[in-house]
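User: I am new to this protein and would like a short tour. Could we go through it step by step?

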Amino acid sequence: MDGKRFNRVFLIVMDSVGIGEAPDADRFNDKGSDTLGHIAEKMNGLEMPNMGRLGLANIRDVKGIEKADTPMAHYGRMAEASNGKDTMTGHWEIMGLYIEQPFRTFPEGFPDELIRELEERTGRKIAGNKPASGTEILDELGEHHLNTGDLIVYTSADSVLQIAAHEEVVPLKELYEICELARQLTLDDKYMVGRIIARPFLGKPGQWERTANRHDYALKPFGRTVMNDLKDGGFDSIAIGKISDIYDGEGITQSLRTTSNMDGMDKLVQTIGMDFNGLSFLNLVDFDAKFGHRRDPIGYGEALEEYDARLPEVLEALKDDDLLIVTADHGNDPVHHGTDHTREYVPLLAYSPSFTGGNRIADRATFADIGATIADNFGINMPQFGKSFLEDLK
């Protein structure tokens with residue numbers, strides 16, 4: 001290898017692991033947000049020695065994590081440029097897009113007009129229609145659903161319309177058809193819903209269990225991403241976790257489903273053992289879905305430590321011509337007000353076994369710099385947005 005080009009890039013998005021308020025945080029009502037810092041305080045120090053060795057605490061002080069004298073990775077932080085702080089906006093920007101019009105969220109529930117049309121077109125009544133966690137809404141309305149067959153509709157801080165139904169009440173085929181209908185009804189600017197999510201479950205009152213048959217129906221990215229150009233250029237573009245859903249399959253050559261953060265790490269190690277040339281792109285969703293939105297800093301901290309404990313097997317399996325990039329897509333400070341995402345810087349760590357040590361990378365003005373770096377590395381079309389930091393990785 002000539003010190004610049006990598007044969008494979010492994011990109012980990014630690015979903016929602018922000019590293020301090022962004023310069024424009026006040027515009028999003030997020031002044032004072034600090035996902036990683038506040039979790040570390042609540043935990044009385046985070047035990048993340050492997051992220052520490054990479055250089056996480058060299059980006060900024062994090063209680064419990066030692067600064068590395070010679071970080072293994074190049075390290076820095078990135079600000080989000082797009083007008084939003086949701087999952088799709090963050091991920092799309094990472095792959096070279098700028099989102100000017102933010103996706104809509106529905107803190108008061110969905111408009112009556114949409115609910116009526118869904119009821120008329122599906123022949124089923126709708127219960128819920130409010131922001132809620134997936135477990136709480138089942139505790140509240142699961143028995144009602146069993147008795148009536150009404151669909152449970154709810155949303156979150158993300159731009160999502162979620163439809164929950166018991167698999168023995170609403171067969172999967174029907175639930176998926178209902179979600180496809182909801183997708184068609186919410187495509188225009190009037191609703192601007194990022195994702196429709198089928199949320200099938202089983203069980204009985206007090207013992208509900210969401211099944212692995214979840215399915216997401218996302219909008220297609222508003223433009224070509226770096227992954228489109230990777231695929232068209234003959235490179236591999238492997239999606240792990242919800243990555244395929246986020247990009248609606250665009251630019252993806254292989255998709256691997258996951259059930260948890262730890263399953264995601266298993267799948268990442270699996271792809272490291274594969275013979276491919278291109279990108280392996282992993283999202284670790286539990287940080288956001290299970291702990292950030294539920295405002296559980298202790299659970300979040302324990303999940304971070306569990307993730308950190310899996311890093312050695314990843315680092316040891318990488319080859320000299322591999323590049324590992326670790327980042328996030330937004331913040332979700334579990335001690336901040338509400339249950340919303342938070343507008344924060346995200347960490348940037350770039351490591352290869354070929355490095356002799358890491359240096360600070362200047363603050364990036366957009367997440368799209370990652371996509372630009374990947375494009376630069378593989379010699380494909382550069383995205384319209386983003387500036388490569390490939391030359392800094394020596």
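**Fold and binding site**

Analyst: Residues 24 or more positions apart supply 68% of the contacts with a separation of 6 or more in the protein, contact meaning heavy atoms within 4.5 Å. This is a predicted model, where local features need pLDDT of at least 70, side-chain atom pairs count only at pLDDT 80 or more, and totals for chains, interfaces and linings use all residues. Residues are numbered from 1 along each chain as its sequence is written, and side-chain values use heavy atoms, with hydrogens and water left out.

User: How many of the 394 residues count as buried, as a percentage?

Analyst: Of the 394 residues, 61% are buried, that is, under 20% relative accessible area with a 1.4 Å probe, protein chains only.

User: Where does UniProt place the "binding site"?

Analyst: The unreviewed UniProt entry puts this feature at Asp15, Asp329 and His330. Although they span 316 residues in sequence, no two of their C-alpha atoms are more than 7.2 Å apart, so they gather at one spot. Such annotations may be inferred rather than shown by experiment.

User: Is Asp15 buried or exposed?

Analyst: Asp15 counts as buried, because its relative accessibility is 0%. Asp15 sits in the loop between strand 1 (8-14) and helix 1 (35-42); helices (H or I, at least four residues) and strands (E, at least two) are DSSP runs, numbered from the N terminus.

User: Which residues is Asp15 in contact with, leaving aside neighbours within four places in sequence?

Analyst: Among them are Thr87, His91, Lys242, Tyr300, Asp329 and His330.

User: How many helices and strands are there?

Analyst: The protein has 13 helices and 13 strands.

Note on methods. Buried means under 20% relative accessible area, exposed over 50%, partly exposed in between (1.4 Å probe, protein chains only).
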